[in-house]
Structure formats: structure tokens, C-alpha cells
Amino acid sequence: MTHFDIDKYAYLKSPFHNFDPRAKVLCFLLLIFSIVLLNDIRVLLIAFISTIILVLISKIPLLFILKRFKWVALFIFAVLVVLPFTVPGENAFYIGFLSVSHSGILLATRVSLKAFSVMLLIFPMLSTMKFVIFIKTLEHFKIPDKLVQMISFIYRYIFVVSNEFQRTLRSVSSRNVGKKTRIFRHHILSNIIGMTLVRSYERGERIRIAMLSRGYNGNMKTLNSFRMTKKDLIKCSIIIIWSISLHVIVLTKILDLARVVNSV
Amino acid sequence: MVHIADGILAPEIWISGFILTGVLLIYTLSKIKIEDVPKISLVASAVFVSSLLYVPLGPSSVHLLFVGLAGILLGLGAFPAVFLAVVLQAFLFQHGGVTTIGINSLTMGLPALISYGIFVVVIKKLSWKKRFVFGGSLAGGIAILLAVLLTSTVLVVTGKEFIGLVVLLVASHIPVIVIETVLVGGITEFLQKVKPEMLVEVKK
């Protein structure tokens with residue numbers, strides 16, 4: 001499945017690839033939350049540009065990122081199309097009989113800048129390490145054991161189940177159930193899904209028994225151990241200072257000051 | 001498109017989303033035994049993968065959710081399962097948002113819990129032969145309906161500007177409600193025939 005290759009470029013070398021995972025996740029989450037809390041559209045633009053710079057530093061190929069933008073793009077598209085027409089406010093201009101409001105455009109731009117920045121930030125955060133390491137990182141954050149266990153199982157089983165799904169679909173198509181015989185008649189489709197559930201369930205049972213017989217007791221052992229270095233501290237503090245200073249820019253109204261100076 | 005992306009909601013709403021989700025997570029996790037974790041996660045990922053299916057419908061296609069199915073198969077475990085699915089969707093597919101993980105798990109997870117309740121009541125109270133199809137359909141359909149209603153409520157509470165978006169959201173999910181009502185009923189019947197221990201336990 002091509003969907004699940006978020007860590008495809010985890011082998012590259014960049015300042016974010018050798019960043020301590022715990023610090024990396026915390027710093028980027030802080031930056032994400034601080035960007036979402038911004039409301040000034042000019043500061044949002046600055047933040048957006050800074051996220052692009054972060055992505056460029058991480059060396060993740062841009063094409064890879066663009067390909068994964070389908071969902072965000074769909075959502076943003078809906079926002080951009082709907083909001084300018086439906087938000088009441090002073091009318092900026094007309095397209096045919098539809099009025100486009102000024103505040104609608106502003107709102108749509110703000111929402112899309114925020115959504116795109118957050119989505120971009122996920123790549124330097126997660127694409128620069130194996131997803132399994134990310135799960136291991138969660139253990140260090142005192143997240144309940146059951147939850148960490150569940151996410152690590154779910155992530156691994158996704159591959160098992162999608163293999164089972166492809167097997168079922170292959171066997172269906174090899175029995176000539178094609179478009180002409182209306183594969184999507186409801187009982188055929190629900191039987192296909194039901195059968196896949198049963199197959200994955202049985203395979204999962206075998207995996208579980210195999211794990212128990214190899215001494216599984218609720219802990220995953222990995223060979224990675226995390227170490228914070230001086231470089232990590234520097235990177236960490238740069239990101240933290242940047243996310244705070246975004247809000248400082250808003251609070252101190254530096255951008256408005258520039259305009260005042262100009263008019264004087 | 002039921003997941004709300006970042007940047008739309010007011011901070012008060014998504015922060016309270018995180019708090020409520022946290023409370024529900026602590027409660028539901030305390031009801032799960034550690035031995036059941038592999039089984040629950042397996043069913044959760046199966047439901048997750050099947051929700052990536054596209055069903056062709058007329059000229060376009062719809063993307064299924066299977067929130068109700070999660071409730072029927074996992075019981076109370078459905079809430080952590082839905083929460084983790086939302087987290088994975090945000091991180092693996094960039095679908096949804098990071099700050100909205102709390103509110104999205106609520107709008108998807110509460111319907112899963114409610115559909116679990118509906119299913120249990122139907123199986124307990126009714127005794128006719130087709131009660132599994134009926135219970136499954138009811139749970140599957142109501143779950144989506146509730147999910148759409150909850151998401152719309154969150155958007156409307158955020159601001160009047162989003163009413164246009166809500167109309168689009170509701171309209172695009174009417175076919176999903178119909179399809180899932182039919183499909184989840186069929187899947188429940190199939191599982192009851194083939195592997196009844198996969199369905200949630202109902203004590204008579």
C-alpha cells in the first residue's frame with residue numbers, strides 16, 4: 001500500500017534526521033499549536049514561509065509531499081469555494097449573481113494558511129524517522145501503556161490487513177466478478193468486507209499466539225536508545241524561540257509599527 | 001470529509017475537545033484488559049483499512065467511515081480505537097488536523113459508543129431471526145448520522161460563517177448514511193453466521 005509510506009525517506013541525512021525524537025516531537029507540536037493559535041494574517045504568512053524553510057531543511061522530496069496533499073487540498077478547496085460566497089460582510093465584488101465578501105476571502109485564506117502550515121510541519125517531524133521510533137517516543141511521554149500498545153499494533157496490523165484485502169479482491173476478480181456483474185451489489189460487497197475481517201482476525205490470532213509463545217508480556221523491545229546532545233538542545237531552542245516569537249510579533253504589533261513609520 | 005482540519009475552530013472548542021476525549025479515553029481504557037489489546041487493535045486496523053475503500057456511486061465515489069461497525073465489533077474499546085484511527089489519519093495521511101484530534105475523536109467516537117449501545121439493546125430485546133441485520137443496519141446508519149450532526153454542531157457553534165460548509169457536509173454524507181446502513185447490516189449478518197465471536201458479547 002502506497003498510503004503508509006510516511007517514513008519512506010527516514011534514511012536521508014539532515015539536521016532533523018539526527019534530531020533526538022523526543023525533543024523533535026515536542027518542539028514541532030509546540031510550533032504547530034502556536035501557529036494554529038495565530039490570527040493575524042501577515043504573521044500567518046511569515047509562519048507559513050518558515051514552515052516551508054523547515055521542510056526544505058529536512059530534505060524530504062517536495063514531490064513526495066505534494067502527492068500526499070490530496071486530502072488537505074480537497075478540504076481547502078471546499079473552504080476556498082464555499083466561504084467567500086457564504087460569509088456575510090461587505091461585498092467586495094460580484095461574480096455573476098453571486099456576491100464575494102471581503103471577510104469571507106480573509107477567513108478562507110487564514111484557514112487554508114493554518115491547515116497547510118500544520119500539514120507541512122508533519123513532514124519534518126515524522127518523515128525524518130521510522131514510524132516505529134515515533135511510537136517508541138510516545139512511551140517516554142508517560143502515555144498510558146495500553147494506548148501505546150494499541151497504536152503500535154494497529155500500525156503494524158494495517159499492513160497485514162491491507163494484504164488480506166488485496167488477496168480477497170484478487171480472488172474476487174479471478175472469479176470474474178467484474179463491473180458487469182455489479183460487484184458493488186450490497187451483499188457481495190458486505191461479504192467481501194466481512195470475509196476480510198474474518199481472515200485478518202484468524203491471522204491475527206495466530207500472530208498473537210506466536211508472540212505469546214515467544215514471551216510477549218506487553219512490552220516491545222527495541223534496540224534504539226535515545227540520547228540528547230548539545231546540538232539537539234540548540235535545534236530545540238531555535239524552534240521554541242521561533243514559535244514564541246511568532247506570538248511576540250502579534251503582541252508587540254511590530255508590523256503595524258512599520259506602517260506607522262512609513263506614513264510619518 | 002467529516003474530519004475538521006486545523007485552523008477553523010476556536011481554541012476554546014478544540015481544547016475542550018482534548019479534555020473530553022482524555023476523560024473518555026481514561027474511562028474506556030480502564031475497562032479493557034491488557035490481554036485483549038492485540039485483538040482490539042487487529043479489529044481496529046481492519047475497520048480502519050476497510051474505511052479507506054471507495055464505493056463508486058453514480059459519477060463519483062464515496063469514502064466510507066464504518067464508525068458503527070467499530071462499535072459493534074469492539075464495544076467500549078471502540079473509543080480508543082477511533083481515537084487512534086484519527087491520530088493515524090492526521091499523521092499518516094494528513095487527513096484532519098493535529099489540534100483537532102480531540103474534537104474529531106469525539107465526533108467519531110461518541111457515535112461508535114452509541115451504536116454499540118443500540119446494537120446491544122436490539123439484540124437483547126428482539127428475538128426474531130433477522131435481528132442481527134436490523135441491529136447492524138440501525139447501528140451503522142445512526143452512527144454516521146450522529147457523526148455528521150456532531151461535526152455540524154461544532155462548526156455552527158464556532159461561527160455563523162461556516163453554515164455554507166455545513167450544508168455541503170450534510171448533503172455529501174446522505175449517500176454515505178444509506179450505503180453504510182445497508183453494508184453494516186450485511187457485514188453483521190455475515191459475521192454472525194461465520195464467526196459470531198467477533199461481534200461484541202451480548203449477555204442475555
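A:K142 is found in the loop between α6 (131-140) and α7 (145-174) of chain A. Helices (H or I, at least four residues) and strands (E, at least two) are DSSP runs, numbered from the N terminus. The model is predicted, and local features need pLDDT of at least 70, side-chain atom pairs count only at pLDDT 80 or more, and totals for chains, interfaces and linings use all residues. Residues are numbered from 1 along each chain as its sequence is written, while chains are lettered from A and ligands numbered from 1 in the order in which they are written.

The phi angle of A:K142 is near 60°, a positive value in a residue other than glycine. A:K142 counts as exposed because it has 8 C-beta neighbours inside 10 Å. By definition, a residue is buried if 20 or more other C-beta atoms, placed from the backbone, lie within 10 Å of its own, exposed if 12 or fewer, and partly exposed in between.

A:K59 lies in the loop between α2 (41-58) and α3 (62-67) of chain A. Its phi is near 65°, a positive value in a residue other than glycine. A:K59 has 16 C-beta neighbours inside 10 Å and therefore counts as partly exposed.

Attention now turns to the two chains together. In all, 49 residues of chain B are in contact with 59 residues of chain A, where contact means that the C-beta atoms of two residues, placed from the backbone, lie within 7 Å. On the side of chain B that touches chain A, two or more residues come from each of α1 (11-30), α2 (37-50), β1 (54-57), α4 (78-92) and α7 (163-194) of chain B. The largest share, 13 residues, comes from α2(B).
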